[in-house]
Amino acid sequence: VCANPENDTLISDTTNNTVATGGSPAVSVVPHPAWTAVIPGSTTWIWETGPTATDEIVAFEQGLTISGIVLSAQLDIASDNSYEVFIDGVSVAADPTDNNFQIATQDMHDLTADVTAGTHTLRIEVKNVGAFDASSNPAGLLYKFVVDSCNDPVPPPADACSTPTVAPAGYRCRRGARGLQR
């Protein structure tokens, strides 16, 4: 049981940095009628501010700091078209297919093994196949990344009282027995 649970959530919104355009913020885009994907808690489809070249890859980044032991990390994602996900520059998930924007084709990735305590950068690269056109060939990204962690202090080992006889802060040595007691 975790006494100090933490939840860190990143969602697609206009606070993302769109790396392809020199760090400009992402912009909200009107969902195309074909985009039926639904990610609860993340309702904003995003893209970069300007038009993109044919088959251009646009990257979106957000930073996060995890201060405890990671219990779970889940990414829900939909994109028009394909995508690749990186944590600290390491590829952790991808879907090369062109249809990732419908409710039946959106993805969920368990990234628990890929996240540890510390400061991280989540980077999602999205490729829009063909030449961008808002009405006939739109582009967009919708995601939610949730990391649940436990920020409980790690107790010292049970034999911490054996030598010296001073217990670590917040603990006391039990008399006549080896071990600690809060």
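Two strands count as paired if DSSP finds at least two bridges between them. This criterion is applied here to a predicted model.

**The sheet**

Strand β8 (residues 82-87) and strand β9 run antiparallel and are joined by five bridges. Because a pair requires at least two bridges, β8 and β9, with five, qualify as paired strands. Within this pair, V85 stands opposite A93 of β9.

Both strands belong to an open sheet of six strands, whose order is β3-β2-β6-β11-β8-β9 and whose pairing is antiparallel. The edges are formed by β3 (24-25) and β9 (90-95); each has a single partner strand, so one side of each is left without a neighbour in the sheet.

**The salt bridges**

Side chains of opposite charge can pair when their charged atoms come close. In the whole structure, a search finds two salt bridges.

| Salt bridge | N to O distance |
|---|---|
| R123 and E61 | 2.8 Å |
| R123 and E125 | 2.9 Å |

As to accessibility, R123 is partly exposed, with a relative accessible area of 23%. E61 is likewise partly exposed, at 24% relative accessibility.

Conventions: Residues are numbered from 1 along each chain as its sequence is written. This is a predicted model: local features need pLDDT of at least 70, side-chain atom pairs count only at pLDDT 80 or more; totals for chains, interfaces and linings use all residues. Side-chain values use heavy atoms; hydrogens and water are left out. A salt bridge is a side-chain nitrogen of Lys or Arg within 4 Å of a carboxyl oxygen of Asp or Glu. Buried means under 20% relative accessible area, exposed over 50%, partly exposed in between (1.4 Å probe, protein chains only). Helices (H or I, at least four residues) and strands (E, at least two) are DSSP runs, numbered from the N terminus.
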